[in-house]
Amino acid sequence: MSMLVNLEELLKNPVSLEGEMPLEALDYDLHEGPVTRIEPVQYRFETVRDGSRLLLNGRLSTGIECECVRCLKPFTKAIEIARWKSEVPLEGEERATVVNDFVDLTPYVRDDILLSFPRHPVCGKPDCVLPGGESLGGAPSGESDERERSVWAELDNLDLESR
């Protein structure tokens, strides 16, 4: 299902679009990235024609499930673009495809939603522990405030002058 808007209708009045974008329209491979599940994208926006461009203004939201890059546990995250704005050119090199006076706005919604996905999702839970048992603060889990020495701290012990 595409989000089509009629250019003739836009000459008279702004057009409001509201609904749910199916997952197939996102064209996102769940096996390739950090996101393992996506809820359908909810959208509500107004489209206005301004000369040789369309201005989109509204709200986009979805929910995703990710795997934490630190503890490798799944968690859910809400994605919301509360003040979404986009510009769709009708002329020039990057112009939108117009078929029978209709413009498909799906690619513009898809791109902005996908760009808002986290690249390295972190659950942020206080008990988030690295798979080897190291906590986020660097202390092994189950131990008190005693910190392991950093690998970089070992460079302080390197004696380069004796060589």
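Tutor: The structure holds three aromatic pairs. One of them is formed by Tyr43 and Phe45, whose ring centres lie 5.8 Å apart with the planes at 45°, so this pair counts as tilted. The model is a predicted one. Tyr43 is buried, at a relative accessible area of 7%, and Phe45 is buried as well, at 3%. Phe45 also pairs with Trp84, in this case edge-to-face, with 5.1 Å from centre to centre and 75° between the planes. That pair links distant parts of the chain, since Phe45 belongs to strand E4 and Trp84 to strand E6, 39 residues apart. Trp84 is buried too, with a relative accessibility of 2%. Through these ring pairs, Tyr43, Phe45 and Trp84 are linked into a cluster.

Arg59 itself sits in strand E5. It is partly exposed, because its relative accessible area is 26%, a value between the 20% limit for buried and the 50% limit for exposed. Two polar contacts of the Arg59 side chain can be named. One, of 3.4 Å, is with the side chain of Ser61; the other, of 3.0 Å, is with the side chain of Glu80. Arg59 and Ile81 are 22 residues apart in sequence, yet their C-alpha atoms are 5.7 Å apart in space.

E5 and E6 run antiparallel and are joined by 14 bridges. Within this pairing, Asn57 stands opposite Lys85 of E6. The two strands form a hairpin with six residues between them, and in the turn Leu72 has a positive phi of about 65°.

Positive phi values also occur in loops elsewhere. Asp27, which is not a glycine, has a phi of about 55° and lies in the loop between helix H2 and strand E3. Asp27 is exposed, with a relative accessible area of 67%. Asp101, likewise a residue other than glycine, has a positive phi near 70°; its place is the loop between strands E7 and E8. Asp101 counts as partly exposed, at 32% relative accessibility.

Returning to E6, Ser86 is found in this strand, which spans residues 74–89. Ser86 is buried, with a relative accessible area of 14%. Leaving out residues up to four places away in sequence, Ser86 touches Leu54, Leu55, Leu56, Tyr108 and Asp112. Of these, Tyr108 is one of the buried residues of helix H3 (residues 106–115), along with Thr106, Val109 and Ile113. The cover over the buried residues of H3 includes strands E4, E5 and E6, together with strand E2, helix H2 and strand E8. E4 and E6 are thus part of that cover, and they are also the strands that hold Phe45 and Trp84.

Methods
Residues are numbered from 1 along each chain as its sequence is written. This is a predicted model: local features need pLDDT of at least 70, side-chain atom pairs count only at pLDDT 80 or more; totals for chains, interfaces and linings use all residues. Side-chain values use heavy atoms; hydrogens and water are left out. Helices (H or I, at least four residues) and strands (E, at least two) are DSSP runs, numbered from the N terminus. Buried means under 20% relative accessible area, exposed over 50%, partly exposed in between (1.4 Å probe, protein chains only). Contact means heavy atoms within 4.5 Å. Two strands pair if DSSP finds at least two bridges between them. A polar contact is a pair of N or O atoms within 3.5 Å; within protein, one must be able to donate a hydrogen and the other to accept it, and residues adjacent in sequence count only if both atoms are side-chain atoms. Rings of Phe, Tyr and Trp (its six-membered ring) pair if their centres lie within 6.5 Å; planes under 30 degrees apart count as stacked, over 60 as edge-to-face and the rest as tilted.
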